[in-house]
Structure formats: structure tokens, C-alpha cells
Amino acid sequence: MSSSAATAQVRASHILIKHQGSRRPASWKDPEGRIIKNTTRESAVSQLTVIRNDIISGKAKFEDIATRISDCSSAKRGGDLGPFGRGQMQKPFEEATYALKVGEISDIIDTDSGVHIIKRTA
């Protein structure tokens with residue numbers, strides 16, 4: 001039996017909002033972490049909930065929001081993380097991405113980096 005399906009790579013974009021509990025409380029748009037250190041997890045989740053609703057309703061484009069809002073350096077690529085396989089991302093992020101169909105957007109996912117919404121692109 002082939003294991004290629006299990007090890008196949010996926011491609012995804014994401015929007016990350018960091019908060020006080022993030023393992024690295026600084027980002028490209030907040031190098032000193034002033035905003036991040038004052039952002040609670042609950043506040044990050046509520047921001048992301050509004051963003052996710054705007055994207056799903058068609059009010060906003062995922063890539064545009066990622067470019068402006070995401071705390072990940074992938075923001076300059078519209079949130080694109082490129083292709084990755086199992087074991088390359090934090091477990092909750094990996095599991096959520098593999099569970100999505102191409103084009104789908106995840107619920108809010110918690111990792112050590114912060115809170116994310118993920119869009120599977122391949």
C-alpha cells in the first residue's frame with residue numbers, strides 16, 4: 001500500500017494574530033511587540049472571528065487581509081506559506097490544514113505562535 005497520500009504536501013496561506021501568550025511576541029509590523037504584549041488571546045480571537053466572517057461573506061479577500069493584518073512574515077506574500085508536508089508545522093496547524101479541502105478556510109486555530117485562520121490552496 002502506498003503511503004504517498006499520507007506524506008503528500010499541502011499548500012496553505014494563513015492569517016496570524018499574535019497575543020501575550022505567543023512564543024515570540026513581536027512581528028514585522030510590531031517589532032518591539034508593544035501591541036502584541038497588550039493583546040489578550042480573547043481579543044486576538046475576536047479580531048480573527050470578524051476577519052473570517054468578512055472573508056467568508058465576500059466582504060474581504062483573504063490575501064488582502066493577510067497582507068495588511070497578519071503578524072507572520074508571510075504577509076508580504078498574501079499569507080502564502082508555500083508547500084509543506086507532515087511534521088513541518090506545529091501539530092494543530094498541520095492537522096487543520098490537512099483536514100481542509102482546497103479553497104476552504106479553517107475555523108480559528110490555536111498554536112504556540114498565536115491564533116490563525118488557514119486557507120488551503122493546494
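**View 1. Threonine 97 in helix 5 of the predicted model**. Threonine 97 belongs to helix 5. Its relative accessible area is 0%, so the residue counts as buried, the cut-off being under 20%. Beyond its neighbours within four places in sequence, threonine 97 is in contact with Val10, Ala12, Phe84, Ile118 and Arg120. Valine 10 is 87 residues away from threonine 97 in sequence. In space, the two C-alpha atoms are 7.6 Å apart.

**View 2. Helix 5 and its cover**. Helix 5 spans residues 91-99. Its buried residues are Phe93, Glu94, Ala96, Thr97 and Tyr98.

**View 3. The largest nonpolar core**. This core has 14 residues. Ile15, Leu48, Ile51, Ile55 and Ile117 touch the most other members. At least two core residues come from each of strand 1 (10-17), helix 3 (41-56), helix 4 (62-69) and strand 4 (114-120). Helix 3 supplies the most, with five residues. In soluble globular proteins, nonpolar side chains tend to be buried together.

**View 4. Isoleucine 15 and its contacts**. Neighbours within four places in sequence are left out here. The contacts of isoleucine 15 include Leu48, Ile51 and Ile55. Phe62, Ile65, Ala66 and Ser70 are also in contact with isoleucine 15. Val115, His116 and Ile117 complete the list.

**View 5. A second, separate nonpolar core**.

View 6. Five helices and four strands make up the secondary structure. The C-alpha atoms fill a box of roughly 50 × 30 × 25 Å along the principal axes. How does the radius of gyration agree with that of a compact globule? For 122 residues, such a globule would have a value near 14 Å, and the chain has 14 Å, so the two agree. Buried residues are 45% of the chain. Among contacts with a separation of 6 or more, 59% join residues 24 or more positions apart.

**View 7. Surface and charge**. The accessible surface is about 6,700 Å². Carbon and sulfur atoms hold 52% of this area. There are 19 positive and 14 negative side chains. The centres of these two sets lie 3 Å apart.

Notes: Residues are numbered from 1 along each chain as its sequence is written. This is a predicted model: local features need pLDDT of at least 70, side-chain atom pairs count only at pLDDT 80 or more; totals for chains, interfaces and linings use all residues. Side-chain values use heavy atoms; hydrogens and water are left out. The radius of gyration is taken over C-alpha atoms; the globule rule is 2.2 Å times the number of residues to the power 0.38. Buried means under 20% relative accessible area, exposed over 50%, partly exposed in between (1.4 Å probe, protein chains only). Contact means heavy atoms within 4.5 Å. Accessible areas come from the Shrake-Rupley method with a 1.4 Å probe; for residues, only the protein chains shown count as cover. Lys and Arg count as positive and Asp and Glu as negative; His and the chain ends are not counted. The place of a charge is taken as NZ of Lys, CZ of Arg, CG of Asp or CD of Glu. A nonpolar core is a set of buried Ala, Val, Leu, Ile, Met, Phe, Trp, Tyr and Cys residues joined through side-chain atoms within 4.5 Å.
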